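Work through these exercises with the model open beside you. Try each task before reading its solution.

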Amino acid sequence: MSTPAAAPQPDRTDAQVVAASLHDPAEFAHVYDRHAPDVHRYLLRRLGADVAEDLTADTFVIAFRSRARFDHTRGSARPWLYGIASNVAAKHRRSEVRGLRAFARTGIDPIAHSWVEQADQRVAAQALNRPLALALAELSAGDRDVLLLVAWADLSYAEVASALGLPVGTVRSRLNRARRKVREALPGPPAGDPDDARDTIRSTSQETHHG
C-alpha cells in the first residue's frame, strides 16, 4: 500500500474500489481516506487516544489483507470496517469497562479526558455522564457493541447485523435489552422515540453538558 494511489473517484462505490484494489493494491487507500476518520472517532470514544490510532491502523491492515473476502454485493464498506474495528477493540474490553467504571465512580474519565481536549466540539458535546457510563459498563460486551454501533457509528440494524455477523433479530433483541438496562439506570427517560438507541445515548449526554 506504499504506492501512491490514483486520483480519488468519488462516484465509485466502496465495493468497486475494493475490487480494483485486488489488482492494484494502491486503490485501497481510497477506502482508508473515506472511512478512517469515522472509524478512528468511534475507537477514540470507546477506548481513548492512547490506543485509538493504533487500533484504527490495525483495522485497516486487517481489512486490506482480507479484502478478497469482502462481499461485493454491498456497496458500502462501513459495516465491514466497523465489524473489524469491533473485533480489534474486543482485546481491550477490560480497559473500556475499567474506564467507564472509573468515570462513574469519580466523575473523572481517563478515556473521555483524552479526547475532550481535542478541538472536536461535536464529540465533546456527547461525552458520557456518570450514570450512563456505569450503565454501559454493566452491559454485556455484545449488548454494548450493538448499542454503540447504532448510537455512535450511526449504523442501521441491518448494518450492525452485517458488521457483527448476527441475524437482524438478534441485533434487535440485544439493542432492546441494552436500551432497557440503560434507561433503568438513568435518573429519567430521555425524550424521543423509545425505539431509537441514539436518543438514549445522545439525549442523556446533551442533558449533561447543556442542562
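**Exercise 1. Two helices in contact**

At what angle do helix 1 and helix 2 pack, and how far apart are their axes?

Solution. Remember that this is a predicted model.

Step 1. Find helix 1 at residues 14–21. Helix 2 covers residues 28–47.

Step 2. Read off the geometry. The angle between helix 1 and helix 2 is about 145 degrees, and their axes lie 7 Å apart.

Step 3. List the residues that touch. Helix 1 supplies D14, V17, V18 and S21. Helix 2 supplies F28, H30, V31, R34 and H35.

Step 4. The contact of helix 1 with helix 2 has four nonpolar, three polar and two charged residues.

**Exercise 2. A closer look at D14**

Decide whether D14 is buried or exposed. Then find its contacts beyond its neighbours within four places in sequence.

Solution. 

Step 1. Apply the cut-off. Buried means under 20% relative accessible area. D14 has 6% relative accessibility, so D14 counts as buried.

Step 2. Look for its partners. Neighbours within four places set aside, D14 contacts R34, H35, G75, S76, A77 and R78.

**Exercise 3. Classify two ring pairs**

Classify the pair F28 and F64, then the pair F70 and W80.

Solution. 

Step 1. Recall the cut-offs. Ring centres must lie within 6.5 Å; planes under 30 degrees apart are stacked, over 60 edge-to-face, and the rest tilted. By this rule there are five aromatic pairs.

Step 2. Take F28 and F64. Their ring centres are 5.6 Å apart and their planes meet at 70 degrees, so this pair is edge-to-face.

Step 3. Locate both rings. F28 is in helix 2 and F64 is in helix 3 (residues 49–65).

Step 4. Check burial. F28 is buried at 1% relative accessibility. F64 is buried too, at 18%.

Step 5. Take F70 and W80. Here the centres are 4.8 Å apart and the planes are at 50 degrees, so the pair is tilted.

Step 6. Locate these rings. F70 sits in the loop between helix 3 and helix 4 (78–89), while W80 is in helix 4. The pair therefore ties together parts 10 residues apart in sequence.

Step 7. Check burial again. F70 has a relative accessible area of 6% and is buried. W80 is buried at 18% relative accessibility.

Step 8. Ring pairs join F28, F64, F70 and W80 into a cluster.

**Exercise 4. A charge over a ring**

Which residue lies over the face of F64?

Solution. The residue is R67, at 4.1 Å from the ring centre of F64.

**Exercise 5. The whole chain**

How many helices and strands does the protein chain have, and what percentage of its residues count as buried?

Solution. 

Step 1. Count the elements: 12 helices and zero strands.

Step 2. Turn to burial. Of the 211 residues, 46% count as buried.

Step 3. Turn to contacts. Among those between residues at least 6 apart in sequence, 62% join residues at least 24 apart.

Step 4. Finish with the surface. The accessible surface is about 10500 Å², and 51% of it belongs to carbon and sulfur atoms.

Terms used: Residues are numbered from 1 along each chain as its sequence is written. This is a predicted model: local features need pLDDT of at least 70, side-chain atom pairs count only at pLDDT 80 or more; totals for chains, interfaces and linings use all residues. Side-chain values use heavy atoms; hydrogens and water are left out. Rings of Phe, Tyr and Trp (its six-membered ring) pair if their centres lie within 6.5 Å; planes under 30 degrees apart count as stacked, over 60 as edge-to-face and the rest as tilted. Helices (H or I, at least four residues) and strands (E, at least two) are DSSP runs, numbered from the N terminus. Buried means under 20% relative accessible area, exposed over 50%, partly exposed in between (1.4 Å probe, protein chains only). A charge sits over a ring if NZ of Lys or CZ of Arg is within 6 Å of the ring centre and within 35 degrees of the ring normal. Contact means heavy atoms within 4.5 Å. Accessible areas come from the Shrake-Rupley method with a 1.4 Å probe; for residues, only the protein chains shown count as cover. Axes are lines fitted to C-alpha atoms, for helices over the stretch in contact, and angles run from 0 to 180 degrees between N-to-C directions. Ala, Val, Leu, Ile, Met, Phe, Trp, Tyr, Cys and Pro count as nonpolar, Asp, Glu, Lys and Arg as charged, and the others, Gly among them, as polar.
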